[in-house]
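Here is a short report on aromatic pairs and a pocket. Take a look at the sequence and structure before reading on.

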Amino acid sequence: MSSLTVRASSSSTHVDRTKDSTRSDVVSGVIVLDMRKLSPTVKGFTLQVEDNSLSFKCGQWVDLSIPSEDVVGGYSFTSPPHQLKEQGTVTLAIQTSDHPPTLWMNNKCKMGDRLLIRVGGDFTYDPPSNSPADILLIGGGVGINPLFAMLQHHTYLQQAMARTLEQRGRAHLLYSARSREELLFKDHIDGLVVHSSGLIKANYFVTREEYSGPHIRGR
């Protein structure tokens, strides 16, 4: 049986910041299936989940335990719940930093490595599957990660509702990053917008570039 021990430390860490948050009892092994560069500072990971009882809601994160590291990392899901149900995988996007788990993931992790995860978090987007709702999502930098999962989940629910309901909820994303290169998932988000029949809108903002283009504003 897999186990993951979470201990608070003398300095502020993911564990310290989330010590009062809800955590699942399920600890699952995961296998690294894919790694890819999402931006100059962010790497994406696809993980195959071993325990079929693991589940999560959009907005939640994982305690990520690496065998060679004592410090537990914390990273938000970028994938929606239905991906786990249908494909048995979840995705994370991890920005470069000197935090030990993050350094390991960005510099030492390789495909086939086995890690441990446990789901946690109380800030979630989990609307009734039969009730249309409008949502406004506002995020900056890697703060897009949970919002990207929410936007995908919203789209999935709206597509399911289209078969039974005339009215569907709208979504509007406002997303800011330092540069156009750091606008994570932009191509995917733009695809959701194009195929949404006007129900999804996205506006992007870059704070360290002089730029003006379709749906993108510079400083």
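## Basis

This is a predicted model: local features need pLDDT of at least 70, side-chain atom pairs count only at pLDDT 80 or more, and totals for chains, interfaces and linings use all residues. Residues are numbered from 1 along each chain as its sequence is written, and side-chain values use heavy atoms, without hydrogens and water.

## Aromatic pairs

The structure has three aromatic pairs. Rings of Phe, Tyr and Trp (its six-membered ring) pair if their centres lie within 6.5 Å; planes under 30 degrees apart are stacked, over 60 edge-to-face, the rest tilted.

Phe-148 and Phe-185 are stacked, because their ring centres are 4.1 Å apart and their planes at 5 degrees. This pair links distant parts of the chain, 37 residues apart. Phe-148 sits in helix H4 (residues 144–161), and Phe-185 in the loop between strand S8 (171–177) and helix H5 (186–194). Helices (H or I, at least four residues) and strands (E, at least two) are DSSP runs, numbered from the N terminus. Both Phe-148 and Phe-185 are buried, meaning under 20% relative accessible area (1.4 Å probe, protein chains only).

Tyr-175 and Tyr-204 form an edge-to-face pair, 6.3 Å centre to centre with 65 degrees between the planes. Tyr-175 is in strand S8 and Tyr-204 in strand S9 (residues 200–206), 29 residues apart. Tyr-175 and Tyr-204 are buried.

## Largest pocket

The largest pocket is lined by 19 residues. Nearest its centre lie Arg-17, Gly-74, Tyr-75, Ser-76 and Val-142. On a 1 Å grid over the protein atoms alone, a pocket is an open set of points where a 1.4 Å probe fits, with protein on both sides within 12 Å along at least five of seven lines; lining residues have an atom within 4 Å of a point.

Technical notes: Buried < 20%, exposed > 50% of the residue type's maximum accessible area, 1.4 Å probe, protein only.
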